[in-house]
Amino acid sequence: MTGHDTGETVVSLKGIRKSFSGNEILKGVDLEVRKGEVLSILGPSGSGKTTLLRCVNALERPDAGIVRVDGTTIDFSGKVPNKQILELRRKTAMVFQNYNLFKNKTVLDNVTQGLTVVRGVAKNEARERALKALSSVGMDGYEDRYPVQLSGGQQQRVSIARALAIRPDVILLDEPTSALDPELVSDVNDVITKVAGTGVTMILVTHEIRFARNVASRVVFVEQGNIIEEGTPEQVIDNPQSPRIKEFLSKMMAK
Amino acid sequence: MELDYDFMVTDFPTVLAGLPKTLILTFWSTLFALLIALIFGCVILSNAPAFKQLVVALNTFIKGVPLAVQLLFCYYAVPFVAKWLGSIGIYDFNPRHIPYFPAAVVAIACNFGAYITDVVVSSVKAVDRGQIESAQSVGMTGLQTALHVIVPQAVVISLPSMTNYFIWLLKGTSLASLINVTEMLITAQISAADGYQYLEAYIDAALIYWVVCAAIEFGSERLFKRVGFFLKPARA
């Protein structure tokens, strides 16, 4: 466990509902994340865990429910002005399964874009912050490369640097290693562990139970659009109460 | 019958002298075609209810009518429009100098504008969805996303198809000969009239069209290799 839980709530979700073409994927989920915490969301495919994560920065707009990040509160039951969505997104950063680095930009520009374009940070300062972030993920010297010239692991590390440079209230990680070649997974996991150690708040959706066990300070298990169990990794992963979780974990651990 | 090679050689510079007019016609037509395509493309992509249907309908109509018909339509419409512009004082109308060149530009630009609209729309749609989500996740507005991510990528994606239409347009300007615009084909035709050596003059014209188009294609391929490298699929 590497989180630095301080007790102050940074992210709060209340009654989040989301349907896709009549299928209810999220059935009124409540979730709170405290500052410095590393929360891992586990669950089978199709359980709604990625959708839940994407509701935090409104990449998926909930049909109903309240999302709060830091001081920004949005009630999705009513009409939501675009300005509020932008405000919410500017307090968060996301690391995607497929990295999604801007293909047309160099590594350095990928990291500075969020600062210069979005937050009006001066070029020099943005550059400094970007270089620092790149160095913290072990990508110094790659500033002028393009994403296509990097391995998947390197791209994902740049994408973590992009998230760090913004200094968001929370970093959302959506299965950050599932598109990677197996031998590159541990590189990226090491970087995530290191970042967790610095007290950055993170929400991590993953299929890697062992990694979640090591890095998370708290785990929630999602099934069929509900959180069915929640607690420390010891509680949820080592001694789950629900038979459904036991079954899922035994399958995953057998791999 | 034998080809008059001597004439083919001596006539070459004469035909070549028609090339600038063809290129100027190509330039203005391309410029306005791009303008039309950008406006139409934006309307279609914006999904604005009534406007989108209107533009799509207009688009299919233009594509469904042959360029030759559009040229002839513009040719016969020009005197009316010019007279009308003259009557409201915007244009100095002179019946002895009817502006057929602008008529050709309008017809060609509309025709190719409709085709290039499809290129604009499909290129924007070809930008990876993940790129847009990535921009949104760092907090970019719609405009910032368009400016920094979508447009730079879509422009590169569109380059090969744009080049094809551009070459097609350049060759299409030869149809403007139908409506008295003295571009390269008509220049060749006139130069051959005295000795009835049409075949030789047309071969000259064909050679010039071919060289120009091949050069454009070659240049475009080089350019695409330079700017399009980032589109290669990423490694795992």
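Helices here are DSSP runs of H or I with at least four residues, strands are runs of E with at least two, and both are numbered from the N terminus. With that in hand, chain B reads simply as α-α-α-α-α-α-α-α-α from the N terminus on, which comes to nine helices and zero strands. The structure is a predicted model, so to speak of local features takes a pLDDT of at least 70 and side-chain atom pairs count only at pLDDT 80 or more, while totals for chains, interfaces and linings use all residues. Residues are numbered from 1 along each chain as its sequence is written, chains are lettered from A and ligands numbered from 1 in the order in which they are written, and side-chain values use heavy atoms, with hydrogens and water left out.

An unreviewed UniProt entry annotates residues 19–220 of chain B as "domain: ABC transmembrane type-1"; UniProt positions are given in the numbering used here, feature names are shortened, and annotations may be inferred rather than shown by experiment. Over residues 19–220 of chain B, the chain is 81% helix and 0% strand, with the end C-alpha atoms 20 Å apart. UniProt (unreviewed entry) also lists residues 23–45, 57–78 and 98–121 of chain B under "transmembrane region". Residues 23–45 of chain B are 100% helix, and their end C-alpha atoms lie 31 Å apart. For residues 98–121 of chain B the helix content is 92%, and the end C-alpha atoms are 36 Å apart.

Two helix pairs of chain B show how its elements pack. Helix α2 (residues 19–46) of chain B packs against helix α3 (residues 49–63) of chain B at an angle of about 135°, with the axes 8 Å apart. Axes are lines fitted to C-alpha atoms, for helices over the stretch in contact, and angles run from 0 to 180 degrees between N-to-C directions. That angle makes α2(B) oblique to α3(B); angles under 35 degrees count as roughly parallel, over 145 as roughly antiparallel, 65 to 115 as roughly perpendicular, and the rest as oblique. The crossing of α2(B) and α3(B) is left-handed, meaning that the near helix is turned anticlockwise from the far one by less than a right angle; clockwise would be right-handed. In α2(B), F40(B), V43(B) and I44(B) meet a set of α3(B) residues that includes F51(B), K52(B) and N59(B), where contact means heavy atoms within 4.5 Å. The contact of α2(B) with α3(B) divides into seven nonpolar residues, one polar and one charged. Ala, Val, Leu, Ile, Met, Phe, Trp, Tyr, Cys and Pro count as nonpolar, Asp, Glu, Lys and Arg as charged, and the others, Gly among them, as polar.

Further along, helix α8 (residues 184–193) of chain B and helix α9 (residues 198–227) of chain B pack at about 155°, with their axes 8 Å apart. That makes α8(B) roughly antiparallel to α9(B). Here α8(B) passes α9(B) in a right-handed crossing. Among the residues that meet are M184(B), L185(B) and A188(B) from α8(B), and Y198(B), A201(B) and Y202(B) from α9(B). By class, the contact of α8(B) with α9(B) has 11 nonpolar, two polar and no charged residues.

UniProt (unreviewed entry) gives residues 11–249 of chain A as "domain: ABC transporter", and over residues 11–249 chain A is 39% helix and 26% strand. Four strands form an open antiparallel sheet in the order β2-β1-β4-β5 (chain A); two strands pair if DSSP finds at least two bridges between them. Its edge strands are β2 (23–34) and β5 (72–75) of chain A, each pairing on one side only. Neighbouring strands of this sheet are turned by 10° against each other on average, direction ignored. β1(A) and β2(A) pair over nine bridges and form a hairpin with two residues between them, where S21(A) in the turn has a positive phi of about 35°.

The other open sheet has six strands in the order β6-β7-β8-β3-β9-β10 (chain A), with mixed pairing. Its edges are β6 (92–95) and β10 (226–231) of chain A, and the twist averages 20° from one strand to the next. Strand β9 (residues 218–223) of chain A and β10(A) pair in the antiparallel sense over five bridges, and E223(A) stands opposite N226(A) in β10(A).
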